[in-house]
Amino acid sequence: MAQKDDAMADMTTPHITTKGLSRNFGGLIAVNAVDFEVPKGEIRAIIGPNGAGKSTFVGMLCGRIAPSSGEIMFAGQNITAMPAHRRIRQGMAYTFQITSIFARLTLKENVRLATSWRWNGDESAIEEATHAALEQVGLADRMHQIAGDLSYGHQRLLEIAMGISQHPELLILDEPTQGLADSEIASFVKLIRDLGGDMTILLIEHNMNVVMDTADKITVLNLGTELATGTPQDIRANKAVQTAYLGETHA
Amino acid sequence: MMMSDSKKSVVFHLGFLALLLLLQFILPAYHHGNLARIMVLATYAMGYNILFGYTGLLSLGHAMFFAAGMYGMGLTMTHLGWTAGPGMLAGLLAGVLVSAGIGFLALRTSGVSFMIVTLMFAQAGFLTILYFGEWTRGDEGFVIRQADRVFAGIDLSHPTYRYLAALLLFGICLMLTIRLMQSRFGHVLIAIRENEERTQMLGYDVHFHKWMAVIASGTMAAVAGAAYALLFGYAGATFASVQYSIFPLLWVLLGGAGTALGPFIGTLFMFYLIDLSSSLTTAYMLIAGVALVLLTLFLPQGLVGEWRRKMMPWLT
Amino acid sequence: MELAPYLILGCIEGLVTAAVLALMAVGLSLVFGVMRVVNVAHGEFFMLGAVLAWFVADQLGGHPAIAFLAALIIAPLLVGTLAMLADMTILKRISYDPERTIVATIGLLYIIQQLTLMTYGSNARPVEPPFNQRIAIPWFEWTDGGLSLYWPWGLGTTSYKLAVIGFAIILLLGIWVLMTRTRIGLIMRATQLDRDVAQAYGINVDRVYAMVFGLGAGLAALAAVLIVPIQQAHYLMGHDPLLLSFIVVIIGGLGSLVGTVIAAVMIGLSDGLISVFFTPTLAKIIATLMVTFVLIFRPSGLMGSK
């Protein structure tokens with residue numbers, strides 16, 4: 001858990017950093033020596049065309065994929081060798097690109113599994129966190145339904161609720177709006193905006209509207225390397241990025 | 001009754017145990033003896049269920065854990081002259097050690113490889129028992145004398161005490177299973193079964209939980225094995241063979257994987273099915289074969305599983 | 001007394017074991033490679049081949065060569081057909097789910113085994129080989145006239161055993177040609193690589209699976225027909241070969257035919273040689289533990305790709 005005693009230091013040291021992070025699969029270099037830095041509380045979008053290495057990069061951050069070389073620092077700690085489940089305990093939460101929930105359990109049971117370790121067995125705290133998370137994504141009234149019966153869009157929201165219920169310091173969302181209807185996307189944008197502040201959020205997104213509406217800063221990846229990092233305005237104005245990537249609209 | 005689901009489940013199972021206690025006084029001798037045997041074997045099946053039904057790991061080598069307990073008890077009593085109490089402890093300890101060791105190695109694999117590795121380890125165990133036939137008497141096995149099967153002055157070979165001892169074993173293990181599966185640890189095991197990757201990415205050390213599940217499962221199987229040797233006075237290599245690895249799978253599937261009582265119902269059903277068919281033909285395993293095929297085709301949830309689904313969703 | 005002639009004997013015996021084992025293991029490997037399921041009843045298909053061979057030979061009578069030839073054709077065909085039926089009625093119904101398939105094939109194992117016990121009985125019965133000349137094994141020795149051959153007393157093999165080795169080699173080559181050079185083989189390999197894509201290209205995956213399952217069983221049965229003149233047919237004879245073929249397939253690498261053959265030769269030879277020096281039980285323990293550790297530490301085996 002991050003050291004809250006030195007609040008001043010928190011504001012200046014970046015929350016999550018990578019130095020020279022690389023991953024190759026045999027001959028294919030998926031991520032090529034990426035240096036990356038996000039300060040606490042920022043909402044950072046990671047964009048780039050298919051195959052840019054976004055999911056691989058983020059997979060290395062949360063520990064699902066082991067890096068070939070490089071370093072990852074989280075809240076001042078070197079977590080490069082830390083196994084995924086311990087990173088989650090350190091304050092990360094992750095939603096999968098292809099929704100991964102417990103289809104045969106109820107929504108409530110799903111979220112409880114996500115949050116229960118956090119509250120030291122305090123049953124009322126677990127209940128509260130579960131309810132709150134489901135409320136925030138608008139699924140509280142379906143608490144006792146079986147998760148597999150939900151529409152895909154709702155399942156994605158459930159997964160986000162599971163992430164939120166962990167009260168993480170860093171929330172990593174891998175293409176969260178994929179498969180959502182427009183109204184659902186609008187609520188999602190609102191949700192992200194409400195969450196921001198204390199929580200650092202990393203967002204892999206193809207939907208440029210969502211990116212422009214939510215992100216404080218954007219990192220553009222291409223062919224495994226970082227092409228540019230800047231505010232939405234900077235990125236919009238960036239010729240190189242424009243020609244190659246913003247030309248693709250993704251509804 | 002506004003009881004929570006978990007309390008309801010506990011009460012139900014305690015009631016079931018009370019029923020079994022009642023039967024001790026009512027049942028005719030033949031069925032009485034059978035039920036004692038069934039309860040011990042059902043304990044073995046319950047152990048298997050922890051790993052297979054609740055955690056979702058299919059082992060094809062559980063006979064090695066059963067045998068570890070059986071020989072742990074049998075050998076210490078026969079060659080070292082230990083009494084029943086320490087003998088049972090030896091069986092339990094053997095179970096812990098074997099399951100921890102094998103589990104550590106086998107869990108480096110998953111899926112089909114896990115099944116094959118457990119099968120192979122069990123086969124190696126079986127062959128080792130044969131190889132050291134000098135001490136284990138191999139296939140033939142050895143008898144534990146009636147005079148030694150005494151605990152705290154009670155003669156366990158006597159039908160009544162044997163039944164009560166079996167019931168005690170079964171009852172303790174049943175309630176332990178329920179306690180385990182209602183705990184946070186149990187919920188994580190179920191989560192691992194349902195979606196392993198998700199469980200990992202929610203902050204749970206999946207590998208550690210699996211290892212613990214193997215140890216719990218193997219130890220319960222070993223305790224059943226030790227009890228079997230003690231209560232029925234015999235230890236033999238057959239109990240370490242592939243057949244005795246297949247049986248708990250069959251019993252659990254038939255009764256209902258992932259239910260607390262499923263293993264018992266499955267064992268009971270299969271026992272009497274084979275009992276009836278062996279009076280008809282020597283090829284009674286044919287019945288087992290047909291049962292397995294039909295089960296996996298039409299009743300994948302098992303008897304108690306289907307019952308729970310339709311009538312008692314709160315059952316553990 | 002020289003060691004070498006005994007080693008030659010051990011090698012020949014080992015090669016016979018390897019030949020039969022290779023055929024059986026290739027059958028198992030095919031099924032796993034294409035269908036991704038473990039067929040625990042594979043040993044019973046083997047046994048059934050041997051029993052049917054006895055049955056055919058018994059019914060036909062006459063010259064052993066003709067009876068054997070008939071058995072060689074009929075038994076694998078029957079067993080293959082039975083396997084196809086099992087696939088279509090049972091395995092397809094459970095959608096080839098890995099766990100349910102293991103359970104179903106265990107059930108199938110007992111059904112086949114026990115039905116055989118009920119009809120064929122618990123005795124072991126022999127089948128006459130089509131030909132069986134004794135061939136003495138020669139070795140060299142120094143004499144006054146230089147290097148010359150002599151025949152160590154009591155050391156010999158049979159023409160039939162040598163024929164088994166030769167026949168197996170031809171058959172394995174045939175399978176290799178089938179898989180790599182024919183359209184059917186191409187379809188099988190395509191289905192193995194990606195079932196859904198194969199289906200999208202119009203390949204009837206269900207039929208391919210039935211065929212492969214039948215082919216796998218047929219190979220096991222064929223292997224049994226080859227070995228039955230040497231071994232005798234018994235209702236429990238499927239157990240050991242099943243475990244051995246598992247070992248071969250795993251060490252050779254699941255899904256790799258070449259690896260399977262190499263592993264079969266290795267294990268057959270070592271089995272033949274080890275049996276000369278060690279007790280069978282210890283040899284089996286070593287072999288079993290070996291494969292276990294290969295699976296744990298080198299899961300792709302010698303040449304396989306998981």
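Tutor: Here is a close look at one helix pair in chain C. First, this is a predicted model, where local features need pLDDT of at least 70, side-chain atom pairs count only at pLDDT 80 or more, and totals for chains, interfaces and linings use all residues. Residues are numbered from 1 along each chain as its sequence is written, while chains are lettered from A and ligands numbered from 1 in the order in which they are written.

Two packed helices are described by the angle between their axes and the distance between the axes. Our pair is helix α1 (residues 4–35) and helix α5 (residues 159–181), both of chain C; helices here are DSSP runs of H or I, at least four residues, numbered from the N terminus. Their axes come within 9 Å and cross at roughly 30°, with axes being lines fitted to C-alpha atoms over the stretch in contact, and angles running from 0 to 180 degrees between N-to-C directions. Therefore α1(C) and α5(C) count as roughly parallel to each other (angles under 35 degrees). The crossing is left-handed, meaning that the near helix is turned anticlockwise from the far one by less than a right angle.

So who touches whom? Among the contact residues are C:Leu15, C:Ala19 and C:Leu23 of α1(C), and C:Lys161, C:Ala168 and C:Leu172 of α5(C) (contact: C-beta atoms, placed from the backbone, within 7 Å). By class, this contact has 14 nonpolar residues, no polar and one charged; Ala, Val, Leu, Ile, Met, Phe, Trp, Tyr, Cys and Pro count as nonpolar, Asp, Glu, Lys and Arg as charged, and the others, Gly among them, as polar.

Key
Helix = DSSP H or I, 4+ residues; strand = E, 2+ residues; numbered from the N terminus. Parallel < 35°, antiparallel > 145°, perpendicular 65-115°, else oblique. Contact = placed C-beta atoms within 7 Å.
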